[in-house]
Amino acid sequence: MTLECFASSQNKVDLPLSKIKRVSKDVLPLILFLESNFFKKIKVDGASGLRIYFVENHIDEEVQGPFKGFQSWINYYMPFNFTEYFKLENSHSKKLFLIDKIKEGILNIANQFNWSRELFLQIFEEIDALEGMLLTYSKKYRLKGLKAQAQIEIGCEPGYYQYNLLLLEKDSVISRHHIVTLNAYYNIFFEGNRIISEMKWEDENTFVILGKKGELERIRFEYKLDKDKLTRIFTLEPTIVDEFMEEFDLATTTDEQKVDIILNNMDTNKWHIYI
C-alpha cells in the first residue's frame with residue numbers, strides 16, 4: 001500500500017499559502033517513514049495507494065476513487081486545523097499531531113472500504129510504541145581487522161531529516177556525530193539527494209561520507225577514528241562555488257526566514273542545478 005499526504009487549500013483561508021505548503025513539507029519525512037516501515041507490504045481490497053489531503057476545518061470530508069491506472073489511488077480530503085497546528089510549541093508536538101491525523105485518515109478510509117480495522121489498529125500500536133522516535137539506519141560498514149563499525153542514523157522530524165554518524169563496537173554505540181540536517185522544503189526527493197550519496201571506510205582510520213554529482217565528489221564528511229572527529233570538506237569547481245554554496249545553505253537551513261523564502265519560490269527553475 002502506497003501512502004502519500006499533502007496539505008491542500010481549496011478556499012480562501014486566514015493563513016498565507018506558504019503556511020499550507022509548509023504543512024505539506026512538514027509531513028513529508030513522516031509519511032515516507034511510515035510508508036516504508038509499516039505500510040509498504042500491506043495489501044487492501046480495491047486500491048494500491050491512499051492520498052490524504054489535509055483541508056481547512058470548515059470543508060467536509062470527501063472520498064474520491066479509487067482511480068484506476070498504473071496504481072489505483074483513493075484520494076481522501078479530511079479536515080485539518082491549521083491554526084491549532086501552528087500554535088504547537090515544538091517539533092515533537094507537531095510530529096505527534098501529524099501522526100495522529102494520518103492514523104485518523106487511514107482508519108476512516110479503512111471503515112469506508114471495509115478494510116481490516118484490526119490490522120491497522122495493530123500497526124498503530126506499533127507506531128505509538130515509538131513515541132515519535134522515527135529513526136532508520138543504514139547497513140553497518142565494516143573494515144576487516146577493525147573493531148569499530150560505522151552506521152548512518154536518519155531521524156525524521158516535521159520538515160527535516162537529521163543525519164548522524166554512529167560508531168559501534170559489539171553493536172553498542174561508542175560515539176555519535178551529527179553529519180547534516182536536510183530540510184524537506186528544499187530537498188524534494190529524499191532518496192535522491194546528492195549531499196549524502198556514498199559511504200565507505202577509506203582506510204583503517206578514515207570513514208568518509210561523500211556527496212557526489214555523477215562522478216564528481218563535491219562534499220566530503222570525513223571521520224577520523226583516532227581523533228573521534230568529523231569534518232566537512234568542499235571540493236568545488238571555481239565557477240560554481242557561489243551558486244553551490246547558496247544551494248547547500250538552502251538545502252540544510254533551519255532558519256525560519258530562509259524556509260519562508262524557499263516556500264514562496266518553490267517553482268523557480270534555478271534550484272537543484274548544482275547539488
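**Close-up views of a predicted model**

**View 1. The hairpin of strand 11 and strand 12.** In this hairpin, 4 residues lie between the two strands, and D228 has a positive phi near 50 degrees. The model shown here and in the other views is predicted. Strand 11 covers residues 216-224 and is joined to strand 12 by 6 bridges, the two running antiparallel. Across this pairing, K224 faces K229 of strand 12. Y223 is likewise set opposite L230 in strand 12.

**View 2. The hairpin of strand 10 and strand 11.** Strand 10 (residues 206-213) runs antiparallel to strand 11, with 8 bridges between them. The turn of this hairpin has 2 residues between the strands, and its G214 adopts a positive phi of about 65 degrees. K213 stands opposite L216 in strand 11.

View 3. The 4 strands follow the order 9-10-11-12 in an open sheet, and their pairing is antiparallel. At the edges are strand 9 (198-203) and strand 12 (229-234), each of which pairs on one side only. With direction ignored, neighbouring strands of this sheet are turned by 25 degrees against each other on average. Helix 5, formed by residues 241-252, packs on the sheet and touches strand 11 and strand 12. The direction of helix 5 makes about 135 degrees with that of strand 12.

**View 4. The hairpin of strand 7 and strand 8.** Strand 7 (residues 160-169) and strand 8 (residues 172-183) run antiparallel and are joined by 10 bridges. Within this pairing, L165 is opposite H177 of strand 8. The hairpin has 2 residues between the strands, and K170 takes a positive phi near 55 degrees.

View 5. An open sheet of 4 strands has the order 1-2-4-3, with mixed pairing. Its edge strands, strand 1 (2-7) and strand 3 (62-67), each pair on one side only. From one strand to the next, the twist averages 15 degrees. Strand 3 runs antiparallel to strand 4 (residues 73-79), and 4 bridges join the two. In this pair of strands, F67 lies opposite W73 of strand 4. Helix 1 (residues 17-39) packs on the sheet, where it touches strand 1 and strand 2 (49-55). Helix 1 and strand 1 have directions that make about 165 degrees with each other.

**View 6. Helix 3 and its two ends.** Helix 3 is made of 22 residues, 91-112. From first to last C-alpha, helix 3 reaches 32 Å, close to the 32 Å expected at 1.5 Å a residue. After helix 3 comes N114, which has a positive phi near 60 degrees.

View 7. Ring pairs connect F54, F80, F82, Y85, F86 and F97 into a cluster. The model has 18 aromatic pairs, counted where ring centres lie within 6.5 Å. Two of the rings in view have a lysine over the face: K19 lies over F86, at 4.6 Å from the ring centre, and K94 lies over Y85, at 5.4 Å from the ring centre.

Definitions and conventions:
Residues numbered from 1 in each chain as written. Predicted model: local features only at pLDDT ≥ 70, side-chain atom pairs only at ≥ 80, totals over all residues. Heavy atoms only, no water. Phe/Tyr/Trp six-rings, centres within 6.5 Å; stacked < 30°, edge-to-face > 60°. Lys NZ or Arg CZ within 6 Å of the ring centre and 35° of its normal. Pairing = 2+ DSSP bridges. Axes fitted to C-alpha atoms, helices over the stretch in contact; angles between N-to-C directions. Contact = heavy atoms within 4.5 Å. Expected span 1.5 Å × (residues − 1).
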